[in-house]
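Q: I'd like to learn how to read a few structural features off a model. Can you walk me through them?

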Amino acid sequence: MVAFEHPHGMHPPQAQWELPFFDAHHREMAPRLADWAALQHVDEADDRAACKDWVARLGEAGWLRYCVPAAHGGALPALDSRSLVILRETLAFHSPLADFAFAMQGLGSGVITLAGTPAQQASYLSAVASGQKIAAFALSEPEAGSDVAAMATMAVPTTSGWTIDGTKTWISNGDLADFYVVFAKTDPGAGARGISAFIVDAQHQGLDSSEHLHVMAPHPLATLRFNGCAIGSDAMVGSLHGGFKLAMQTLDIFRASVAAAALGMARRAFAEAVAQAKHRKMFGQTLADFQLTQARLGEMSALIDAAALLTYRAAWQRDCSATQGAGTPAYTTAAATAKLTATENAQRVIDMALQMFGGRGVQVGQKIESLYRDIRSLRIYEGASEVQLLILGKAALRA
């Protein structure tokens, strides 16, 4: 199956970039990106080959430069959440797999951007920005998903560095990446305060990434098994036992962009639904002539607008507070609100859009069918909806 198809004249709307959340360079970038994305034709029958293709295209066109700072080949002086939001919303509108390929370059290298040594940054970030190296973020484990402190992977000091043993799973770009940022316990009794971050190159002895995971919306996922994986002392990123904070900072930076990806998928489903309503004949008139259809489209539009405003606000807040450091309380709650609302609303919008297609909506190969599968995981990864609710509830009790 080829999941990515030319959108037949469909383009994501551009008017939202005129909102006061965005600056002149965002407004200049957005239409260029939309025009570029509409011209790409990628065979996504093989998700791994397609992801490599997307990384190469995104790198060649310069879009991956928004994943790293200008000092290492990036487009802007620092990571800019609003640029990430524009990129992910636009890419997800055209191809959720393109969005995935872009997002993982940023997430997989984010820890190195935040806390890498000059040597680490020089070795990896420019290659990420050009698409020459594919990045991955290895945090989750079989028994440690939302509960990161429960991770069992261990990094034990040696005379020359560290030895890693343990298992990571649900790792995006697993068995595809050129390097992994791996989180492991360096103080087993300290919970989240005993986690450190390390760079492990994909071909490193003692790392087995061959176990692929297959999910309802094909993406390159794998389980990583570390068995006496010996790495040098220069592989640690940031401070000893500082890995949990780095992981949370990285996820915080990209959380609003997850909302944007959901928003892009919702906008595509809405565009497909509007086209269907205008052209589908039923009982001597079009589907759009029925008041029930009009009401449903109105509901979808309102859900999208609500999610968009929360997403853009969160990205704007993060950029405004960047000098204070990602993860300030105001931004953390704004990002949680955006991620929760955008992903849940997108699920509703896509479901309503599919219903308007009737039986054709569940036919494999239809765009609306693939969107229905693509959106589901966004309510789980990078902080499940239930985790976002807990963040917001605790914030309310502290107020």
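Q: How many aromatic pairs does a search of the whole structure find?
A: First, the ground rules: this is a predicted model, where local features need pLDDT of at least 70, side-chain atom pairs count only at pLDDT 80 or more, and totals for chains, interfaces and linings use all residues. Residues are numbered from 1 along each chain as its sequence is written, and side-chain values use heavy atoms, with hydrogens and water left out. Now, a pair of aromatic rings is described by the distance of the centres and the angle of the planes. Rings of Phe, Tyr and Trp (its six-membered ring) pair if their centres lie within 6.5 Å; planes under 30 degrees apart are stacked, over 60 edge-to-face, and the rest tilted. Here the search turns up 10 aromatic pairs.

Q: Which residues do ring pairs link into a cluster?
A: Trp-36, Trp-54, Trp-63 and Tyr-66.

Q: Which ring does the charged end of Arg-268 sit over?
A: For that label, NZ of Lys or CZ of Arg must be within 6 Å of the ring centre and within 35 degrees of the ring normal. Arg-268 has its charged end over the ring of Phe-93, 5.5 Å from the centre.

Q: How do helices α6 and α8 cross?
A: Two packed helices are described by the angle between their axes and the distance between the axes. Helices (H or I, at least four residues) and strands (E, at least two) are DSSP runs, numbered from the N terminus. Axes are lines fitted to C-alpha atoms, for helices over the stretch in contact, with angles from 0 to 180 degrees between N-to-C directions. For α6 (residues 243-279) and α8 (residues 329-357), the axes come within 8 Å and cross at roughly 20°, so the two are roughly parallel (under 35 degrees; over 145 is roughly antiparallel, 65 to 115 roughly perpendicular, the rest oblique).

Q: What about α1 and α3?
A: The axes of α1 (residues 24-38) and α3 (residues 81-94) come within 10 Å and cross at roughly 20°, so these helices are roughly parallel too.

Q: Is Gly-161 buried or exposed?
A: Buried means under 20% relative accessible area, exposed over 50%, partly exposed in between (1.4 Å probe, protein chains only). Gly-161, in strand β3 (residues 161-172), is buried because its relative accessibility is 6%. Its C-alpha lies 8.0 Å from that of Ala-235, 74 residues apart along the chain.

Q: And where is Ser-301 found?
A: In helix α7 (residues 291-320); at 28% relative accessibility, Ser-301 is partly exposed.
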